[in-house]
Amino acid sequence: MPESHDTTQAKLDRLRELREEALHAGSERSVQKRREEGRLLARERAEKLCDPGTFVELDRFVRHRESNFGMLERRPPGDAVVTGYGQVFGRRVFLFSQDFTVFGGSLSEVVAEKICKVLDLAGKYGCPVIGINDSGGARIQEGVVSLAGYAEIFWRNVQLSGVVPQLSLVMGPCAGGAVYSPAMTDFVLMVEGSSYMFITGPDVVKTVTGEEVTFEELGGADAHATKSGVAHLTAADEDAALEDARLLLSYLPQNNREPGPRDEPADPVDREAPELDELVPDEPTKPYDIKRAVEVVVDEASFLELQPRFAENIVTGFARLGGHSVGIVANQPRALAGVLDIDSASKAARFVRTCDAFNIPLVTFVDVPGFLPGTEQEWGGIIRHGAKLLYAYCEATVPKLAVITRKAYGGAYDVMSSKHIRADFNFAWPTAEVAVMGPEGAVNIVFRRELAGADDATARRDELIADYRETFANPYVAAERGYIDDVIEPRRTRPVLIDALRTASTKREPRPPRKHGNIPL
């Protein structure tokens with residue numbers, strides 16, 4: 001009997017040894033360097049992302065294959081990634097966290113297998129999946145096997161797209177083919193000054209193009225937040241990035257079969273906002289901040305803007321309206337007068353499709369003078385990119401509400417969630433102007449010959465512009481035809497939208513039988 005007890009005890013001791021080895025898989029030097037840089041370790045990141053005490057690690061004893069070239073002496077348990085599941089605000093999530101202290105976080109065959117396992121489990125159980133990326137890339141010693149591992153991950157990203165929310169936190173290097181997994185997920189979050197993403201590094205760029213550029217300039221958080229639009233959110237440090245990820249998840253359902261989350265609103269649903277009556281300036285060309293309207297209309301302190309520094313002429317983000325999670329799209333008159341251009345159309349189109357995939361209703365604030373003219377836009381493909389936004393709104397079957405605050409001109413009026421592309425409820429403020437184009441442009445075209453022969457062309461032009469504005473540049477012509485459901489006092493926007501959202505919450509709209517549409521990418 002004692003002998004059996006000793007055997008059992010020895011096995012328990014062995015288990016503890018392996019657990020301890022897995023906890024300290026990285027070299028002391030690597031760990032110390034991370035500490036000095038102010039970075040968290042992979043397991044610490046996973047635990048901080050989850051509610052306290054809920055993270056459960058999987059596959060902690062997995063080791064890389066013994067056949068790996070030149071790596072037989074060191075086979076740490078867990079290899080270069082920590083995987084598992086936990087809870088965020090009490091809801092189950094799956095996650096992986098790459099460990100840069102183990103072989104530079106490089107992707108091996110078993111690292112890929114561990115990541116693929118949590119992706120498969122997330123799809124099987126209908127839970128969000130979060131990837132914390134911090135890796136030097138493919139493990140050279142494994143050659144094409146590591147490349148195959150990347151492809152297996154990419155394939156799963158696509159299979160889960162629109163099925164469960166996928167978030168990528170870039171908290172270190174992410175280069176080469178490794179950037180495509182985050183790029184195919186729904187949201188990318190980056191840490192300022194310590195994370196970067198690029199296809200080829202500064203050395204290769206200099207060799208091929210002669211350009212001299214730093215890591216940060218080429219693919220840092222600031223570059224992707226302002227220039228490329230790859231990053232949806234950036235944070236000053238790792239703790240803030242993890243908190244941002246938790247907050248973002250709170251607006252998303254577990255999967256595409258569940259409705260968007262709802263909280264009991266502390267903010268009264270019938271609250272009016274008198275300040276909105278004075279928001280739109282009397283001068284038609286004077287800018288104002290549409291974000292002020294959004295923040296006042298939605299539940300207090302609930303607006304989370306995404307990509308705030310990219311394509312600033314359109315605003316996107318999540319909020320709560322009467323406790324319901326909603327997606328916000330709004331033209332921003334403070335930037336380029338709120339026109340639609342290549343970047344803003346692509347930004348909004350992607351967001352609209354994300355909301356539609358996860359059953360999140362859309363609320364659109366419209367103040368758009370049209371599409372940005374010029375050879376740069378035309379040659380850059382504004383027709384194709386603008387069509388993305390039009391396609392996205394037409395395709396979306398979630399409840400769609402729209403409020404025209406000022407200008408809604410030309411084709412851009414059609415694109416921005418108009419009644420004609422099947423928005424459910426369309427409202428307008430008395431300041432709204434719905435027309436083919438602005439009064440000045442319309443008069444110059446329609447009355448060109450008359451003005452050319454007039455003795456006092458300036459006075460006649462002013463008279464015609466005033467007449468056009470009175471006749472057409474208002475919401476009532478569109479309202480007469482039912483294109484606008486109601487013209488409302490701006491202060492009543494919140495209660496009107498909440499009531500419309502409740503009405504549209506039971507919406508059922510079947511899709512035509514087809515494999516998939518062909519969005520103009």
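Mentor: The model is predicted, so local features need pLDDT of at least 70 and side-chain atom pairs pLDDT 80 or more, while totals for chains, interfaces and linings use all residues. Residues are numbered from 1 along each chain as its sequence is written, and side-chain values use heavy atoms, with hydrogens and water left out.

Trainee: Why is Arg45 said to form a salt bridge with Asp134?

Mentor: The term needs a side-chain nitrogen of Lys or Arg within 4 Å of a carboxyl oxygen of Asp or Glu. The closest N and O atoms of Arg45 and Asp134 are 2.9 Å apart, so the pair meets the definition. Arg45 lies in helix α3 (residues 42–49) and Asp134 in the loop between β4 (129–133) and α5 (144–160), so the bridge ties together parts 89 residues apart in sequence.

Trainee: What makes Arg45 buried or exposed?

Mentor: Buried means under 20% relative accessible area, exposed over 50%, and partly exposed in between (1.4 Å probe, protein chains only). Arg45 has 0%, so the residue is buried. Asp134 is also at 0%, hence buried.

Trainee: What is the class of Asp59, at 23% relative accessibility?

Mentor: Partly exposed, because 23% falls in the middle class. Lys117 has 36% and is partly exposed. The side chains of Asp59 and Lys117 meet in a salt bridge, 3.1 Å from N to O.

Trainee: How do you know that Arg320 and Asp263 pair?

Mentor: Their N to O distance is 3.2 Å, a salt bridge. The pair links distant parts of the chain: Arg320 in strand β11 (residues 314–321) and Asp263 in the loop between α10 (238–249) and α11 (290–297), 57 residues apart. Arg320 is buried at 12%, whereas Asp263 is partly exposed at 38%.

Trainee: How many salt bridges does the rule give?

Mentor: The count comes to 35.

Trainee: What makes Leu12, Leu15 and Phe61 a nonpolar patch?

Mentor: Patch residues have over 30% relative accessible area and no salt bridge; nonpolar side chains (Val, Leu, Ile, Met, Phe, Trp, Tyr) are joined within 5 Å, like charges within 9 Å. Leu15 has 34% and is partly exposed. Together the three residues have about 230 Å² of accessible area, from the Shrake-Rupley method with a 1.4 Å probe, only the protein chains shown counting as cover.

Trainee: Why is Thr354 called buried?

Mentor: Thr354 is at 7% relative accessibility, so the residue counts as buried.

How values were computed:
Helix = DSSP H or I, 4+ residues; strand = E, 2+ residues; numbered from the N terminus.
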